[in-house]
Amino acid sequence: MQGGADFAHASGWYVGIWGSQISGKAIQNATGEIDLYGGYATSFGDFGVDVGLLQFIFPGGRYTGTPTDCFACHEANYRGATSPSHSGFPTACGSCHSTS
């Protein structure tokens, strides 16, 4: 089962939600998918502009065994860095890099 709802205002602002049941095999333990979105659309003559945000949510979903530390996923980048070489630098990425 799936469905959604949209609201668009004459000013150009819009918001919406879409949801669907999904198999727990698609994303482990997920019970569904919920998409939230919103934005602003307008036009200038023949030129249209649409700026929006979209968030996918998978309630209960998880990637079993996925590491939560940067180095586990980015070890190849760490070892291949040449400017500067990361040899000798700590593998705790947050000690040198910001994640925000």
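**Getting to know the fold**

Modeller: Welcome! This is a predicted model, and the protein in it has one helix and four strands.

Colleague: Okay, let's look at the strands. How many bridges join β1 to β2?

Modeller: Seven bridges link them. Strand β1 covers residues 2-8 and strand β2 covers residues 13-20, and the two run antiparallel.

Colleague: Which residue in β2 stands opposite A5?

Modeller: That would be I17.

Colleague: And what lies between β1 and β2 in the hairpin?

Modeller: Four residues separate the two strands there. Have a look at G12 in that turn: G12 has a positive phi of about 110 degrees.

Colleague: Nice. How many bridges join β2 to β3?

Modeller: Eight bridges, and this pair is antiparallel. Strand β3 spans residues 33-44.

Colleague: Which residue in β3 is the bridge partner of G19?

Modeller: I34 is the one to click on.

Colleague: Where do side chains point in a regular strand?

Modeller: As a general rule, they alternate between the two faces of the sheet.

Colleague: Switching topic: what share of the 100 residues is buried?

Modeller: Buried residues make up 13% of the protein.

Colleague: And what about the accessible surface of the protein?

Modeller: The surface comes to about 7700 Å², and 59% of that belongs to carbon and sulfur atoms.

Colleague: Last one! Among contacts with a separation of 6 or more, what share is between residues 24 or more positions apart?

Modeller: Those account for 32%.

Technical notes
Residues numbered from 1 in each chain as written. Predicted model: local features only at pLDDT ≥ 70, side-chain atom pairs only at ≥ 80, totals over all residues. Heavy atoms only, no water. Buried < 20%, exposed > 50% of the residue type's maximum accessible area, 1.4 Å probe, protein only. Contact = heavy atoms within 4.5 Å. Areas by Shrake-Rupley, 256 points an atom, 1.4 Å probe, with all protein chains shown as cover. Pairing = 2+ DSSP bridges.
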